[in-house]
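Subject: A structure for you

Hello,

Here is the structure I promised to pass on. Have a look at it first, and then read my notes below.

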Amino acid sequence: MLHNILTNTSATDVSVEQLLICMAVALGLGCVLAVLHTYKNTYSKNFVLTLVILPAIVQAVILLVNGNVGTGVAVMGAFSLVRFRSAPGNSREIASIFLAMAVGLAVGTGYLGIALLMTLGIGSVMALVLSLPVGQVSMRRRELKITIPENLDYQGIFEDIFLKYTKSAELKCVKTVNMGSLYELRYAVFLKDEQQEKEMLDGIRCRNGNLPIVCGRFPDSAESL
């Protein structure tokens, strides 16, 4: 299963059957990687398409440069330019790209069994980790933005409300708005009960003069490599 189907061949004598088999396997595994990337993730159609065709592109390049060092160095230099023409992605997108390239490399060198095991093994581990409740933002965690008049001292003004409705409340930042006539306070709060969110907001707006209040889910951190 793990043997090389391109043993004793070079780029000049790869048969049509071998080429079609490698391309079909690369595209099939690319589809598996694309489906895996969409699992519990936000994605774009263009990125999914990239994951589908990237293993096939890499395996074609590996077949073409097989045994030719000069061509391999030239292709490597051309591919390095892509990094400076693309927007940075998050850590999961980069991991998916590297996995797709590794699969394409395995297929291009003829190790179809290794490519298949790599896709299923690493893919299973990724799906398992994504299914675990690790690193997820709690549904009761909120980002709270409160606007107050400039003449109102914000130090501890909402302390009693937070003690009643939240387990924790941390003032993240303060900034001036509306030409300095208002202050915007940003809190990270953890609600005791989601059903009491409206009561908390009613108590806050009675104290801030009914100025705008924004309460929403805490945004996920955008991790990158």
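Two packed helices are described by the angle between their axes and the distance between the axes. Axes here are lines fitted to C-alpha atoms, for helices over the stretch in contact, with angles from 0 to 180 degrees between N-to-C directions. Helices (H or I, at least four residues) and strands (E, at least two) are DSSP runs, numbered from the N terminus.

Please keep in mind that this is a predicted model, where local features need pLDDT of at least 70, side-chain atom pairs count only at pLDDT 80 or more, and totals for chains, interfaces and linings use all residues. Residues are numbered from 1 along each chain as its sequence is written, and side-chain values use heavy atoms, without hydrogens and water.

Now the helices. H2 (residues 45-64) packs against H4 (residues 91-108) at about 35 degrees, with the axes 7 Å apart. Contact (heavy atoms within 4.5 Å) involves, among others, Phe-47 and Leu-51 of H2 and Ile-97 and Met-101 of H4.

Ala-34 sits in helix H1 (residues 16-38). Ala-34 is buried, at 4% relative accessible area (buried means under 20%, exposed over 50%, partly exposed in between, with a 1.4 Å probe and protein chains only). Val-52 is 18 residues from Ala-34 in sequence, yet their C-alpha atoms are 6.0 Å apart.

Finally, the sheet: 4 strands form an open, antiparallel one in the order S2-S3-S1-S4. Two strands pair if DSSP finds at least two bridges between them. Strands S1 (residues 141-149) and S3 (residues 182-191) are joined by 9 bridges, and Ile-146 has Leu-185 of S3 as its bridge partner.

Best wishes
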